[in-house]
Amino acid sequence: MDINRFTEKLQEAIRSAQSKATRYGHQQIDVEHLLAALLEQENGLAPSILTKAGIQADALLRRLEAELDKLPKVSGPSGGPDQVYVTARLNKLISNAEDEACTLKDEYISVEHVLLAAIDDNGAAGKLLKEFGLTRDRLMQ
């Protein structure tokens, strides 16, 4: 994962996802953390893209946060607050986003590529996106 190939907004979202995981007491950053962070960005691209695709971004964010609430929490001296790990699912999502960028002949990996990759996620985030009616075709429009 070469963070230098990420747009500023995506880099910001990854940092925000790490903070979100820490606030929730999670040891790992997962796809749901990243998508929630993207949806919370001030003047962010994800909410506007999803709104144009007919998706209620606020409702999706609330559902993602409900999923985050269900994840196991860790408390105590098990590790420092900076010791948050990236899950295999999130690594796969980033890798798929890189592939999306290459397919679209984009130099940088951006929010759009992450959203495209998230549609194929096998976890709660992908299921929520499908439940909200997001498809690759709707996103590409």
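This report walks through the fold, surface and core of the protein shown above.

## About the model

The structure is a predicted model, in which local features need pLDDT of at least 70 and side-chain atom pairs count only at pLDDT 80 or more, while totals for chains, interfaces and linings use all residues. Residues are numbered from 1 along each chain as its sequence is written, and side-chain values use heavy atoms, with hydrogens and water left out.

## Overall fold

Let's start with the big picture. The protein has eight helices and two strands; helices (H or I, at least four residues) and strands (E, at least two) are DSSP runs, numbered from the N terminus. Read from the N terminus, the order of elements is α-β-α-α-α-β-α-α-α-α. The radius of gyration is 14 Å, close to the 14 Å that the globule rule gives for 141 residues, so the protein is as compact as a globular protein of that length. Here the radius is taken over C-alpha atoms, and the rule is 2.2 Å times the number of residues to the power 0.38.

Along its principal axes, the C-alpha trace spans about 45 × 30 × 30 Å. Contact means heavy atoms within 4.5 Å. Among contacts between residues at least 6 apart in sequence, 68% join residues at least 24 apart.

Of the 141 residues, 45% count as buried, meaning under 20% relative accessible area, with exposed over 50% and partly exposed in between (1.4 Å probe, protein chains only).

## The nonpolar core

A nonpolar core is a set of buried Ala, Val, Leu, Ile, Met, Phe, Trp, Tyr and Cys residues joined through side-chain atoms within 4.5 Å. The largest one holds 46 residues, and Leu34, Leu35, Leu38 and Leu60 touch the most other members. Helices giving two or more residues to this core include H1 (8-24), H2 (31-40) and H5 (88-103). The largest share, seven residues, comes from H2.

Helix H2 is mostly covered, with nine of its 10 residues buried. Those buried residues include Glu32 and His33 as well as Leu38. Leaving aside residues up to four places away in sequence, Leu38 touches Leu10, Ala13, Ala46, Pro47, Val111 and Val114.

## A look at Gln11

Gln11 lies in helix H1. Not counting residues up to four places away in sequence, Gln11 touches Ile3, Asn4 and Phe6. From Gln11 to Glu42 there are 31 residues in sequence and 14 Å in space, C-alpha to C-alpha.
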